[in-house]
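Subject: Structure for your files

Hello,

Here is the structure I said I would send. My notes come after it.

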Amino acid sequence: MRLSLGITPVLFLLGLGLNACVQNSVSPVAQRPLHPDCVQEFDPSQDYFLDKVQVEFATGFEVDYQGHYKRVTLASPHPEANDPVEYILVQCGTPIPDDVGDAMVVEVPVQSVVVLSTTYLPHFAALDRVNHLVGISDTQITQTPAVVERVKQQKIRDVSRNQVVNIEAILNLNPDIVITFDAGGASSDTVLMLENAGLQVVLNSEYLEMSPLGRAEWLKFTALFLNQEGKAKEVFEEIRTDYQELSQRVAAAIADDTSRPTVFTGFSSTNTWYVPGRNSYAAEFLRDAGADYLWDDLDSQWTVPLDFEVVYQRARDADFWVNVNSNWRTRADVIEDDPRYGNFAAWQGDRIYNNTKRVNEFGGNDYWETGILYPNLILADLVQIFHPNLLPDGEKTFYQNLE
């Protein structure tokens, strides 16, 4: 069975369609034996999770520790969802609690995982659990070095190509869980197909977080299934500290300066320009990097469609233009798409930057892979663009100036 699924939830929200199709029926996954490291003699008085995480920035999930199991609640798997989703993560070798209700029960730590979005792969590298990955989507586009190496060694299978998921391939791998996303619509159908095949599907909705540190903190969500909370806390603390120290440094440097550089984002497609609202992921990066985002008065966490002329009237004299069409590599590409772009001061002043520095030959963009877990690196890039004197010796990781 093959059915369609987007590479990342970000790309789905940008308009990549999902067309589910079933070619034949499949058998449910066989029950797995206990792992040798599971608890052999259960002690109801023992706390089996000495390392615990607390959620600080993410709003999409929470965890409640109960001795030998964790109750993980996903607030909303997709924007239109009305009900939360619950997972009961039971320490392997201990009994399943009586009050699980409709929650999915997963024995932890899981030993084999299929991941259907590249945004989660850096989690496994950061937690030193890449060897638990048995299948991923579109192996060609991933850029996480440890994952790439295991793909070369044929220890990780490709279970999705060109947005088409191969359910038979996943069933043959017999994973403990499949981690994916649900963006509503056709992707919900895809999730249902995976579940009907007998697979334990874990939903990750980090793409709904509107703060950079909120998205990065979903590392802790992945860690819950691997019993790697201690490592997750250590890694996230480094990311959080680096991000906050840099943003505070920027704020201090421009505290008495009312001339933050003005910036706008995006591009026009068929005369419609999608502009991120002030409560969006993109807008928070720009504020923290010390820029004056021109649509910071737009009260939305999503992108809002505007006419080209509306954007031009406000942004024609802006200092910088970032996050543009991923197909643009030169200033000539910009004009070829639409000659009107040449009237923007940012184009005339050669101040257009895109997050495409680390795009591989198959189109995989590491900004949407490594960058999701390490927003401190993205912030450093933006600070170098807007306030180069603050990081004079820095080298950009994801952004580059259009040639």
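What follows is a summary of the fold, the core, the ring pairs and the charged pairs.

This is a predicted model, in which local features need pLDDT of at least 70 and side-chain atom pairs count only at pLDDT 80 or more, while totals for chains, interfaces and linings use all residues. Residues are numbered from 1 along each chain as its sequence is written, and side-chain values use heavy atoms, with hydrogens and water left out.

Overall shape

The chain has 14 helices and 19 strands; these are DSSP runs numbered from the N terminus, with helices being H or I of at least four residues and strands E of at least two. Its C-alpha atoms fill a box of roughly 70 × 50 × 40 Å along the principal axes. The radius of gyration is 22 Å, which agrees with the value near 22 Å for a compact globule of 403 residues. That radius is taken over C-alpha atoms, and the globule rule is 2.2 Å times the number of residues to the power 0.38.

Of the 403 residues, 54% are buried. Buried means under 20% relative accessible area, exposed means over 50%, and partly exposed is in between (1.4 Å probe, protein chains only). Counting contacts between residues at least 6 apart in sequence, 64% join residues at least 24 apart; a contact means heavy atoms within 4.5 Å.

In soluble globular proteins, nonpolar side chains tend to be buried together. Here the largest nonpolar core has 110 residues, and those with the most contacts inside it are Tyr-87, Phe-225, Phe-264, Trp-321 and Phe-386. A nonpolar core is a set of buried Ala, Val, Leu, Ile, Met, Phe, Trp, Tyr and Cys residues joined through side-chain atoms within 4.5 Å. Another core, of five residues, lies apart from it and includes Tyr-69, Val-90, Val-100 and Ala-103.

Phe-225 belongs to helix H7, which spans residues 218–226 and has nine of its nine residues buried. Just after H7, Asn-227 takes a positive phi of about 55°. Leaving aside neighbours within four places in sequence, the contacts of Phe-225 include Tyr-87, Leu-89, Ile-177 and Val-202.

Pro-109 is also in contact with Phe-225, as well as with Gln-91, Leu-226 and Asn-227, again leaving aside neighbours within four places. The C-alpha atoms of Pro-109 and Phe-225 are separated by 5.7 Å, although the two are 116 residues apart along the chain. Pro-109 is found in the loop between strand S5 (104–108) and strand S6 (113–115), and is partly exposed at 28% relative accessibility.

Aromatic rings

There are 32 aromatic pairs. Rings of Phe, Tyr and Trp (its six-membered ring) pair if their centres lie within 6.5 Å; planes under 30 degrees apart count as stacked, over 60 as edge-to-face and the rest as tilted. Phe-308 and Tyr-341 form a tilted pair, because their planes are at 45°, with the ring centres 5.7 Å apart. Phe-308 is in helix H10 (residues 308–315) and Tyr-341 is in the loop between helix H11 (331–337) and helix H12 (345–348), 33 residues apart. Both residues are buried. They belong to a cluster linked by ring pairs, which also takes in Phe-264, Phe-267, Trp-273, Tyr-312, Trp-321, Trp-328 and Phe-344.

Two charged ends sit over rings: Lys-52 over Tyr-65, 5.5 Å from the ring centre, and Arg-331 over Trp-347, 4.0 Å from the centre. The rule is NZ of Lys or CZ of Arg within 6 Å of the ring centre and within 35 degrees of the ring normal.

Salt bridges

The count is 19 salt bridges, each being a side-chain nitrogen of Lys or Arg within 4 Å of a carboxyl oxygen of Asp or Glu. Arg-71 and Glu-86 meet at 3.0 Å, N to O. Arg-71 lies in strand S3 (residues 69–74) and Glu-86 in strand S4 (residues 85–91), so this bridge ties together parts that are 15 residues apart in sequence. Arg-71 is buried, at 15% relative accessible area, whereas Glu-86 is partly exposed, at 29%.

Arg-314 bridges to Asp-297, with the closest N and O atoms 3.0 Å apart. Arg-314 is in helix H10 and Asp-297 in the loop between S15 and S16, 17 residues apart. Salt bridges that share partners also join Glu-56, Glu-217 and Lys-220 into one network.

Regards
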